[in-house]
Amino acid sequence: QVQLVESGGDSVQVGGSLRLSCAVSGDTSGDYFVAWFRQAAGKEREGLALIYPRTGATWYVDLSVRARFIISKANARETVHLQMTSLKPEDTAMYYCASDPTFPPSNVRWSPGTYKYWGQGTQVTVSS
């Protein structure tokens, strides 16, 4: 079992920055991968970025996300961050971290159903 707790969500102005954190606990002795997703009101949950904390390898859903968001791990690999910059109103959403012990292939990497463990989410609101 793996437990995930997100933090760092806040209300910010357009153009601002935020760093979200995901604390991973439980059975972290083996391999696991951590992804960030978000879900805006009335929309489907969408994947943003993925990291393999053991090596720091990262993947992003597309270049537009990579241009403004950076996923990283703290020195202790049990914490994963999502640094978000140049925030826009359309970034308003609940942000979730998710984890799975297996590396997700590209065709399902951004599908929520691929990930076994989820946090409760942290709210990000961007206003103009």
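**Note on the predicted model**

1. The accessible surface of the protein is about 6400 Å². Carbon and sulfur atoms hold 48% of that area. Areas follow the Shrake-Rupley method with a 1.4 Å probe, and for residues only the protein chains shown count as cover.

2. Ground rules. This is a predicted model: local features need pLDDT of at least 70, side-chain atom pairs count only at pLDDT 80 or more, and totals for chains, interfaces and linings use all residues. Residues are numbered from 1 along each chain as its sequence is written, and side-chain values use heavy atoms, with hydrogens and water left out.

3. Fold content. The order along the sequence is β-β-β-β-β-β-α-β-β-β-β-β.

4. Overall dimensions. The radius of gyration is 14 Å, which agrees with the value near 14 Å for a compact globule of 128 residues. That rule is 2.2 Å times the number of residues to the power 0.38, and the radius is taken over C-alpha atoms. The C-alpha trace spans about 45 × 30 × 25 Å along its principal axes.

5. Of the 128 residues, 41% count as buried, meaning under 20% relative accessible area with a 1.4 Å probe, protein chains only. Take the contacts with a separation of 6 or more: 57% of them join residues 24 or more positions apart. Contact means heavy atoms within 4.5 Å.

6. Main core. The largest nonpolar core has 27 residues, and W36, L82, M84 and Y95 touch the most other members. Such a core is a set of buried Ala, Val, Leu, Ile, Met, Phe, Trp, Tyr and Cys residues joined through side-chain atoms within 4.5 Å. Elements giving two or more residues include β1 (2–7), β4 (33–39) and β11 (122–127). Strand β3 gives the most, with four residues.

7. Second core. A separate core of seven residues includes F37, Y52, A98 and Y115.

8. Y95. Beyond its neighbours within four places in sequence, the contacts of Y95 include W36, F37, L82 and M84. E6 and R38 are also among them.

9. A49. This residue sits in strand β5. A49 counts as buried because its relative accessibility is 0%. Leaving out residues up to four places away in sequence, A49 touches V34, A35, W36, W59, Y60, I71, L82 and W110. Its C-alpha lies 8.8 Å from that of D62, 13 residues apart along the chain.

Note on methods. Buried means under 20% relative accessible area, exposed over 50%, partly exposed in between (1.4 Å probe, protein chains only).
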